[in-house]
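Please read the numbered points with the sequence and the model in view.

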Amino acid sequence: MLDSKFFPLVAGIAAAITISVLAYLEAFTGQGLWLMAPFGASTVLVFGLPKSPLAQPKNVFFGHVLSALVGVVFVTFVGVEPWSLGAATGVAIALMLATGTTHPPAGANPTLIMLTGQSWGFLLTPVAAGAVVIIAMGFLVNKFVHKQ
């Protein structure tokens, strides 16, 4: 088990490596986006509060995917207006709560998607692919560093 005085350092290093991996994938693959701002907040939960229900793999993955889906549906079928930005955020939060996949950083996804005019491909990269990278890194850190 990791000495508790080193936990903040390990969490910070793990988050830095994870975001760097996503940034390098984006820079070098040329295969679209791998990184979005809410992922920074996700790493706070995954590495800083790994036992939190909000940091569990299903919450990270489905929280991001479901809320991003709401954002794409709104930008595609409803449009971007002040009221629709609020409505999409509310729908995303309700959907995460109803499905037991609440992940607070994902609450930003509808706004991000709507303000930047993203389309269906955004659900795959960066949303799903990036969430999988964060989950995998969280698994490695928890398995080998925290021995959980």
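1. In this predicted model, helix α3, residues 57–78, packs with helix α4, residues 82–99: their axes come within 9 Å and cross at roughly 150°. Two packed helices are described by the angle between their axes and the distance between the axes. The crossing of α3 past α4 is right-handed.

2. Which residues make this contact? From α3 come Lys58, Gly63, Leu66, Ser67, Val70, Phe74 and Val78. From α4 come Trp83, Ser84, Ala87, Ala88, Val91, Ala92, Leu95, Met96 and Thr99. Sorted by class, the contact of α3 with α4 has 11 nonpolar residues, four polar residues and one charged residue.

3. Three aromatic pairs are present in the structure. One of them is formed by Phe61 and Phe62, whose ring centres are 5.0 Å apart. The planes of these two rings stand at 90°, over the limit of 60 degrees, so the pair is edge-to-face. Phe61 has a relative accessibility of 22% and therefore counts as partly exposed. Phe62, at 40% relative accessibility, also counts as partly exposed.

4. His103 deserves a separate point. This residue lies in the loop between α4 and α5, the latter spanning 109–116. Is His103 buried or exposed? Its relative accessible area is 0%, and His103 is therefore buried, the limit for that class being under 20%.

5. The surroundings of His103 can also be described. A polar atom of the His103 side chain lies 2.8 Å from the backbone oxygen of Leu54. Leaving aside residues up to four places away in sequence, His103 touches Ser42, Leu45, Leu54, Asn59, Val60, Gly63, His64 and Met96.

6. Most residues other than glycine have a negative phi, and most peptide bonds are trans. Pro126 is placed in helix α6, which covers residues 124–144.

7. With a relative accessible area of 43%, Ile13 is partly exposed. How far apart are Ile13 and Phe47 in sequence and in space? In sequence the two are 34 residues apart, while their C-alpha atoms are 9.2 Å apart in space.

Key
Residues are numbered from 1 along each chain as its sequence is written. This is a predicted model: local features need pLDDT of at least 70, side-chain atom pairs count only at pLDDT 80 or more; totals for chains, interfaces and linings use all residues. Side-chain values use heavy atoms; hydrogens and water are left out. Axes are lines fitted to C-alpha atoms, for helices over the stretch in contact, and angles run from 0 to 180 degrees between N-to-C directions. Helices (H or I, at least four residues) and strands (E, at least two) are DSSP runs, numbered from the N terminus. A crossing is left-handed if the near helix is turned anticlockwise from the far one by less than a right angle, and right-handed if clockwise. Contact means heavy atoms within 4.5 Å. Ala, Val, Leu, Ile, Met, Phe, Trp, Tyr, Cys and Pro count as nonpolar, Asp, Glu, Lys and Arg as charged, and the others, Gly among them, as polar. Rings of Phe, Tyr and Trp (its six-membered ring) pair if their centres lie within 6.5 Å; planes under 30 degrees apart count as stacked, over 60 as edge-to-face and the rest as tilted. Buried means under 20% relative accessible area, exposed over 50%, partly exposed in between (1.4 Å probe, protein chains only). A polar contact is a pair of N or O atoms within 3.5 Å; within protein, one must be able to donate a hydrogen and the other to accept it, and residues adjacent in sequence count only if both atoms are side-chain atoms.
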